[in-house]
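I opened the model to look up its sheet and its nonpolar cores. My entries are kept below.

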Amino acid sequence: MTTLPDRPNTAVLVIDMQHGAVDGAHNVDSVIANINTLVAKARAEAVPVIWVQHSDDGMKRDSEAWQYVPELVRRDGEPVVHKNYGDSFEATDLEELLAERAVGHVLVTGAQTDACVRSTLHGAFTRGYDVTLVGDAHTTEDLTAYGAPTPAEVVAHTNLYWKWQSAPGRRGDTVETAKVSFATGDADQGLPSVHGRAES
């Protein structure tokens, strides 16, 4: 499916689950639990897990706000991508890390739904990846005071529209954590295996 040649593998991206992005965010405890479940599944099947960590004026590097929440722990050997823009590919080494691992399909989790998660979904898609959003493993803050929909509505709308993304040679999808399986030969919700891609 992916338009990237010789890239049959899948990777999990965990985006910006940092104090400055998720403290007080919508349904965050459940999202953290679901990311931990997904990461454990990936590790059990030797699927790459890549951690993304954002820095800006509000989350200065090495500050408390910049730190990942303690419930999510990166293992030695799991890369961390440091970024300064919404799209995790922009001015980072993410593409190189994925290419080294022959990844053409990414599963996206993390924060915030309407900012870095959405930017990365589209950034990966336009670069030729198949892109699956894990629908119960991303979150955002409450911006209703600025005229935004409620966080639950932002999450629900993003899950809905991403499920129907398609372009020549690749597609998007939205699945729940419980439906994700990396076991070889498994064809659960378009995630057939550690070596698989989203199916049309």
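The entries cover conventions, then the sheet, then the cores.

Conventions. I work with a predicted model, in which local features need pLDDT of at least 70, side-chain atom pairs count only at pLDDT 80 or more, and totals for chains, interfaces and linings use all residues. Residues are numbered from 1 along each chain as its sequence is written, and side-chain values use heavy atoms, with hydrogens and water left out.

Sheet. I looked up the strand order and found seven strands in an open, mixed sheet, S3-S2-S1-S4-S5-S7-S6. Strands are DSSP runs of E with at least two residues, helices are runs of H or I with at least four, and both are numbered from the N terminus; two strands pair if DSSP finds at least two bridges between them. Strand S3 (80-83) and strand S6 (166-167) are the edges; each has a single partner strand, so one side of each is left without a neighbour in the sheet. I then checked S6 against strand S7 (residues 170-175): the pairing is antiparallel, over two bridges. Ser166 has Arg171 in S7 as its bridge partner.

Cores. I took a core as buried Ala, Val, Leu, Ile, Met, Phe, Trp, Tyr and Cys residues joined through side-chain atoms within 4.5 Å, buried meaning under 20% relative accessible area with a 1.4 Å probe, protein chains only. The largest nonpolar core holds 27 residues; Ile35 and Phe182 are among those that touch the most other members. Helix H2 (28-44) is one of the contributing elements, and its seven residues are the largest share. I also noted a second, separate core of 23 residues, including Leu97 and Cys116.

Methods:
Buried means under 20% relative accessible area, exposed over 50%, partly exposed in between (1.4 Å probe, protein chains only).
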